[in-house]
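Please read it alongside the sequence and structure shown here.

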Amino acid sequence: MSVLELSEITKVFPGVVANDRVSLSLERGEIVALLGENGAGKSTLMNVVYGLLSADGGHVLVDDKPVKIKSPRQAIDLGIGMVHQHFMLVEPLTVTENIVLGREPGRFGVIDFATAREKVQELSVRYGLKVDPDARIMDLSVGMQQRVEILKALYQGARVLILDEPTAVLTPQEAKELFGVVRSLVDEGLSVVFITHKLEEVMSVSDRIIVMRDGRVVGETKPSETDGVGLARMMVGRDVVLSVEKGHSERVAEILEVMDLHVKGDRGLEAVCGVSFNVCGGEVVALAGVSGNGQTELIEAIVGLRRPTSGMLRLKGVDITHASARASIEAGVSHIPEDRRRRGLVLEFDLAENLVLGDHRLAPYATRGIMHPSAITTTAEKRITDYDIRTPSWHVLASNLSGGNQQKVVVAREMGRNPELLVAAQPTRGLDVGAIEFVHRQILKERESGKAVLLVSLELEEVLSLADRILVIYEGRIVREFAAGEADEETLGYFMTGGGGTKLEDEGGTEQAEMTEGNL
Amino acid sequence: MWGDIITPDLFAAALRMATPLALAAIGGTICERSGVVNIALEGIMLAGAFFGTVIALATGDPWLGMIAAVVAGVIVSAIHAFASINLRADQVVSGTAINILALGVTGFMMERLYGHPGTTDPSAMLRPVFKFAAADGGFLGTIWNWINGIFLSHTPIVYMAIIIAIVAQWAMYKTRWGLHLRALGEHPRAVDTVGVNVFRGRWVAVLMSGALAGLAGANLTLEQVGSFTENMTNGRGFIALAANIFGRWTPVGSYLASLLFGFADALQIKLQIFRGQIDIPSQFFLMLPYVLTVVVLAGVIGRAVAPAAIGKPYEKE
Amino acid sequence: MSESRETLPAHRAWMTVVQKVGTPLISVILAIGIGSVIMWASGYDPVAAFAALFKGSFGGPKQIGDTLLRATPLILTGLAVAYGFRAGLFNIGAEGQLFMGGLAAAWLGVALTGLPWIVMVPLLVVAAMLAGAAWAFVPAILKARIGAHEVITTMMFTYIGRYIVSWLVVGPLKAPGQIPQTDAVSIESQLPRIQALFSEATLEALPFLKLGRTHLGIVVAVIAALVVWFILKYTTLGYENRAVGFNPWASETGGISVQWTTVKALCISGALAGLAGAVEVMGVHHRIFDQFSSGFGFTGIAVALLAKNHPLGVIPAAILFGALSAGAGTMQLEAHVPQKIILIIQALVIFLVAAEEIVTWFIKRRQKEALSHVG
C-alpha cells in the first residue's frame with residue numbers, strides 16, 4: 001500500500017508546462033529521491049502535493065484514497081509535511097512559537113505555552129533533534145533552523161515528509177547529520193521525499209530514485225543499479241563533462257592585497273576578523289566556507305559596498321580601503337554578486353540599460369551627464385552576441401529572461417568592462433549544467449588573460465575545479481590555505497566547519513598558514 | 001505662574017488629548033503587525049467623527065453615535081483591506097486615496113444633510129463616567145483632588161483606550177490571534193504553509209484598526225468637541241502612525257507614545273492662556289506635535305525594527 | 001487567487017496592452033460612473049451635473065482658461081510626485097513644499113525692488129525651487145541616513161510649513177489691513193496673463209486666445225514637464241533615479257549611491273513643488289495667505305498616479321483634474337451638487353489606477369469562470 005501516490009499530475013504556467021502527466025508513488029518507510037536539474041519541475045510537483053499550487057490535471061491519492069488538496073492545511077491534515085528550500089520560519093519568534101504555529105495548544109484562543117514547550121521537547125528527544133525551545137529563530141544557525149522545520153512538520157503529525165533541496169544550505173558535516181535524522185525518521189515509520197540535484201546525495205541516502213527532466217519523469221532506478229554518470233546522463237539528457245579543462249596560466253604581478261582587514265556585519269558584530277591574503281594576475285583564488293562565515297562582508301568590503309573598520313585594501317598598489325562602489329568600479333574591480341536578482345540586475349530595466357549599469361556615467365555611454373542611447377545599444381548588441389545571451393533583442397526586460405540568461409547578462413557586463421580584478425560570488429548558484437559550464441569557462445578565460453579572480457563559492461566541486469589556491473574561511477578568519485590539488489572535499493569540509501579551530505590567524509596571518517601547510 | 005500651569009487638569013487634558021491618538025495608534029499597530037501599512041487612519045478617524053455626530057444628532061443618543069463611528073471606521077477600512085490585500089494595490093497609495101475620499105464624502109454629505117459646509121450643530125455628548133466631589137484642602141485633600149482630577153474625571157472612551165491598550169498587549173503575546181498576527185507581518189508565507197489564512201488574518205487586522213480609528217473619531221466629536229468640523233482630524237492620523245512607530249509596534253508602547261504627544265498638546269493649549277507672560281505665537285505651539293514627531297522619527301525609528309513583510313502584498317504562488 | 005495569476009499567454013498579452021494604454025482612461029470613466037451613482041443616490045441629477053461641469057471647464061475660451069489656470073500648479077505638483085515615485089519615494093508632502101516655494105516668491109517679490117522683469121521672474125522661480133527643495137531636504141536626509149519613512153516626515157513638514165506661513169501672514173509679513181495676507185508682489189515679479197500678451201485686435205481675430213486668468217505659468221509648467229522627461233530619459237541623473245527606484249541594491253552594486261540619489265530625488269521633487277507655489281503666487285494671487293493652495297500638493301498625487309508617473313502624461317492628467325475643479329463651481333450653481341464630489345471622484349481615480357486589477361478584475365473573473373468550465 002502506498003502512503004502517497006501521484007497520478008498524471010499536470011501543471012501549466014504561462015508559457016511553460018512545469019509538470020507533464022507526472023506519476024509516482026511512495027511506500028511507507030521509504031526514502032524516495034526526486035532528482036533533476038533546476039527547473040525540471042520537482043518543486044512545482046511537491047508544491048502541488050502540499051496544496052500551495054493547484055494542479056491543472058491528475059489526481060493525488062493518500063493511502064490509496066483520492067484526495068483534493070487545495071491548501072497546506074489540508075495537506076497537513078492528511079499527514080503531509082514539507083520543509084521548503086527557503087525556510088518557512090518567522091525569525092523574531094521562538095522555536096516553540098514557530099513549531100506550534102497554526103496548531104497551538106490552549107483553550108478559548110489563549111495559548112498554553114507550557115504545554116507547547118513540553119510537546120516540542122518531547123518530539124525533540126524522541127527523534128534526536130536537539131534544539132532550545134525558547135531560542136529565537138534569528139539567533140540559530142541554518143542547520144538548527146532546518147531541525148526546527150522538521151520538528152514543525154512532525155508536530156503537525158506528518159507521516160510523509162517532503163524535503164526540498166535540504167542540503168543546499170548545509171555543510172557536508174551537517175548534511176551527514178541530516179541523512180542520519182532522515183534514516184531515523186524512516187525507522188519510525190515515516191516516508192520521505194528528498195528533492196535534490198546533487199548526485200552523491202541521491203546515491204547515499206535514497207531507497208529509490210526518480211529522475212525528472214523538463215517536467216516529465218524520465219526514469220526510475222535504485223542506487224544499487226546505477227552510478228553517478230548514468231544518473232547525470234538521465235538528468236541532463238546527454239553526457240556531461242563534470243569538470244572543466246583548466247588551461248595554462250602564468251601567475252603574474254600582485255593585483256589585490258588584503259591586509260589585516262576587519263569588517264562589521266549588519267548586526268554590528270565583527271564579521272571579518274583580521275583577514276590577510278592576496279590575489280595575483282592569472283590566478284583564481286577561491287574562498288571556501290560555509291555560508292555566513294564572513295564571506296559576504298569580506299566581498300562587500302572589497303568591492304566598496306561596505307566600509308572596513310580597520311585594515312587595508314590595495315589594488316595594484318593603490319589604496320582602495322575606503323573607496324566607494326563607484327570608485328572601486330572605476331579602479332578596475334568587477335563584481336558578480338551572490339544574488340543576481342537583488343544585487344546584480346534591475347529587473348525592470350531592459351537589457352541595454354542593465355548591460356551598462358556601473359559604466360553608465362562613462363564615455364562612450366554618457367558625457368557630462370547626458371546619455372548616448374546609440375552607444376549603449378551598440379555595446380548591448382555586442383555583449384549579447386559575445387556572451388550568448390538568448391534573447392530576441394536588447395529591448396527585453398531583464399525580468400523576462402531565464403535565470404541562466406540573467407546570469408549571463410551580469411557576467412557579460414562585469415567581464416565586458418575588462419577589469420583588473422573579478423570578484424565572483426557564487427556565480428553558478430541556481431544555474432543548470434549548461435550555464436554552469438559557460439560561467440566556468442568565462443572565469444577561466446579571465447584567468448588565462450592575466451586577470452585576477454577571487455571566487456567565493458559554497459560548492460566545493462566548483463572550488464576544487466577552478467581554483468589555483470583555496471583559502472578556507474571560518475568565523476571571519478582564514479583558517480587554512482591550500483594550493484590546487486592539495487585538498488579534497490573532506491579536508492575542506494573539515495576546516496570549513498571549524499575542525500581546525502581558528503588559531504592560525506591568531507598567531508599571525510598567512511605566513512603562518514603557509515608554514516603549517518606541510519603538516520597536513 | 002508655573003503653579004497655574006502644572007495643575008491636575010493639565011494632566012487630565014493630556015490623557016484626553018492622547019486618547020484619539022492612542023486608539024488610532026493601536027489600530028495602526030495591529031494593522032502594521034499584520035503586514036499592512038495603514039496611512040488611512042486619518043481618513044478613517046474623520047469618517048468616524050462625522051458619522052458619530054450624524055447619528056448622535058439624528059437620534060440624540062451619543063452612544064448610538066459612538067457605535068455608528070465604529071461601524072463607519074470598519075466600513076472605510078474594508079475599502080483599504082480590499083484594495084491592499086485582495087487587489088495588491090500599493091498600500092500607501094490606497095491609504096492616500098481613502099484620506100481624500102473621507103474628506104470628500106464627509107464634506108459632500110455634510111452639505112447634503114445640513115445644507116452648509118463648515119461645522120455641524122452641536123450634538124449630544126458622552127458624559128464623564130464618575131462624578132466625585134472635590135475635597136477641601138489639607139494634604140490628603142490635595143492628593144484626592146489630583147487623583148480625582150487626573151484619573152477620575154474622564155469620559156468613557158478615555159477609559160476604553162486604556163483598557164484596549166492593555167488587552168491588546170496581552171492578546172498580542174498570549175493568544176493564538178496574537179501569535180498569528182505577529183507572524184503575519186514577518187513571514188506571511190510561513191503562516192500560509194501551516195494552514196492559517198493570510199488574507200483573513202490581514203482582513204481582520206485592518207478591520208480592527210478601522211474600528212479603533214473610528215472610535216478615535218467618536219472621541220473627538222462626541223467627547224471632546226461636541227460637533228463635527230470639516231477636516232477636524234488635522235493630521236492626528238499621521239501623528240498616531242508616528243506614535244505607533246515610537247511605541248515600537250506594541251499597543252502599550254503606542255499608548256505611552258500617544259500620551260507624550262497628548263501632553264505636548266495639552267501644554268500648548270495651557271500655555272496659550274498665558275500669552276501675556278510667555279509671548280510665543282500660537283502657531284509654534286500648534287506645530288509642536290509635528291516637530292516632535294519628526295524629532296522622534298529622526299532619533300528612534302532608525303533603531304526600531306518594522307515587521308519584515310510590512311507593505312508587501314501577499315501573493316500565493 | 002492562484003488561478004488568477006495563471007491566465008493563458010494570449011490573454012496576458014492582450015491584457016498588458018489594456019493595462020498600459022487603457023487603465024488610466026478606464027479608471028477615469030469608472031470613477032465618473034461611480035461618482036454619478038453617488039450623485040444619483042443622493043438625489044442629484046448626474047447628467048445635469050456633468051453637463052454643468054463640462055460647461056464650466058470647457059464651455060468657452062474663458063472656461064478653458066480657468067481649467068488651464070488650475071492645471072498649471074497641478075502639472076508641477078504632479079511632476080514633483082512622479083519624479084519621487086520614479087526613485088521609489090512617495091512625496092506625500094508636496095503641499096508643504098509648495099507653501100514654502102510660494103512663501104519665498106511672495107517674500108522676495110515684495111522685498112526686492114527696482115529690478116526688471118527679466119531678472120525678477122527667474123530669480124523668484126529659482127528661489128522658490130530652492131525653498132521647496134530645502135523643505136524636502138530634512139525628510140530626504142532622514143530617509144537616506146536612517147530610513148525614516150518619507151511619507152510621515154514629508155507630511156509632518158507640510159503641517160509645520162503651513163503653520164509657519166500662517167504665522168508669517170498674521171505676524172511679520174502681514175500687509176496693512178484686516179486680511180491676514182502679505183503685500184502684493186511688485187509688477188516685475190508677476191507672470192502676465194496669456195491674453196495680456198496679445199493686442200486687442202489679435203484677440204478679436206483669434207477669440208480662442210481670450211483665456212481669462214490663464215497666465216504664463218502654464219508655459220513654465222509645460223517646459224518643466226519636458227525638462228523632467230529629458231532628465232529621466234536621457235541623463236545619468238534620471239537613469240540613476242530610475243535604477244534606485246526599481247532596485248536600490250543592484251544600483252549600489254553598480255556604483256550608484258542610493259543615499260545621495262534619494263536626497264537628490266526628494267529635493268528635485270520638492271523643487272518642482274516649490275515652483276508650483278511660485279507660479280501660483282506670481283501668476284494668480286500675487287501674494288501669499290493661509291488658504292492660497294486648494295490642496296494642489298495632494299491632488300498632485302492623483303495626477304502622478306493617473307499619468308503612471310510619466311512626465312508628459314502628467315499634462316493631460318493635470319488638465320483633467322484642473323477641469324474638474326474649474327467646473328465644480330458651475331456644477332454647484334446650476335445642478336446644486338456639492339463641490340466636494342470632486343474630491344470623491346479624485347479619490348476614486350487614485351484607487352482605480354493604483355489597484356489596476358480592479359479594472360482587470362472583472363475580465364479575469366470571467367476568464368476564471370471560462371477556465372473552470374473547461375477544466
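## Ile350 of chain C and its surroundings

In this predicted model, Ile350(C), once its neighbours within four places in sequence are set aside, is in contact with Val93(B), Thr96(B), Ala97(B) and Ile100(B), and also with Ile301(C), Ala302(C) and Leu305(C) of its own chain. Ile350(C) is also, together with Leu455(A), one of the two residues that touch the most other members of the largest nonpolar core, which holds 390 residues. Helix α11 of chain C, spanning residues 258-285, gives the most to this core, with 15 residues.

## Interfaces with chain C

Chain C is in contact with chain B through 36 of its own residues, which meet 37 residues of chain B. On the side of chain B, helices α5 (91-114), α11 (236-246) and α13 (282-300) each supply at least two residues, and α5(B) gives the most, with 14 residues.

Chain C is likewise in contact with chain A, where 29 residues of chain A meet 21 residues of chain C. The elements of chain A that give two or more residues to this side are α10 (325-331), α11 (340-344) and β20 (370-371).

## A helix pair within chain B

Within chain B, the axes of helix α4 (residues 62-86) and helix α10 (residues 198-225) come within 7 Å and cross at roughly 145°, and the crossing of α4(B) and α10(B) is right-handed. By class, the contact of α4(B) with α10(B) has 19 nonpolar, 8 polar and 1 charged residues.

## Confidence

For the complex, the predictor gives an ipTM of 0.87 and a pTM of 0.82. Chain C averages a pLDDT of 87, and 89% of its residues score at least 70. Within chain C, confidence is highest in helix α8 (residues 217-234), at a mean of 96, and lowest in helix α15 (residues 356-374), at a mean of 52.

Two stretches of chain C call for caution. Over residues 1-10 of chain C the pLDDT is below 50, and this stretch has 16 contacts in the model beyond near neighbours in sequence. Over residues 368-375 of chain C the pLDDT is also below 50, with 4 contacts beyond near neighbours in sequence. Where pLDDT is low, predicted coordinates should not be read in detail.

Notes: Residues numbered from 1 in each chain as written. Chains lettered and ligands numbered in written order. Predicted model: local features only at pLDDT ≥ 70, side-chain atom pairs only at ≥ 80, totals over all residues. Contact = placed C-beta atoms within 7 Å. Helix = DSSP H or I, 4+ residues; strand = E, 2+ residues; numbered from the N terminus. Axes fitted to C-alpha atoms, helices over the stretch in contact; angles between N-to-C directions. Left-handed = near helix turned anticlockwise from the far one by under 90°. Nonpolar A, V, L, I, M, F, W, Y, C, P; charged D, E, K, R; others polar. pLDDT = per-residue confidence, 0-100. Core = buried A, V, L, I, M, F, W, Y, C linked by C-beta atoms within 7 Å. Buried ≥ 20, exposed ≤ 12 C-beta atoms within 10 Å, placed from the backbone.
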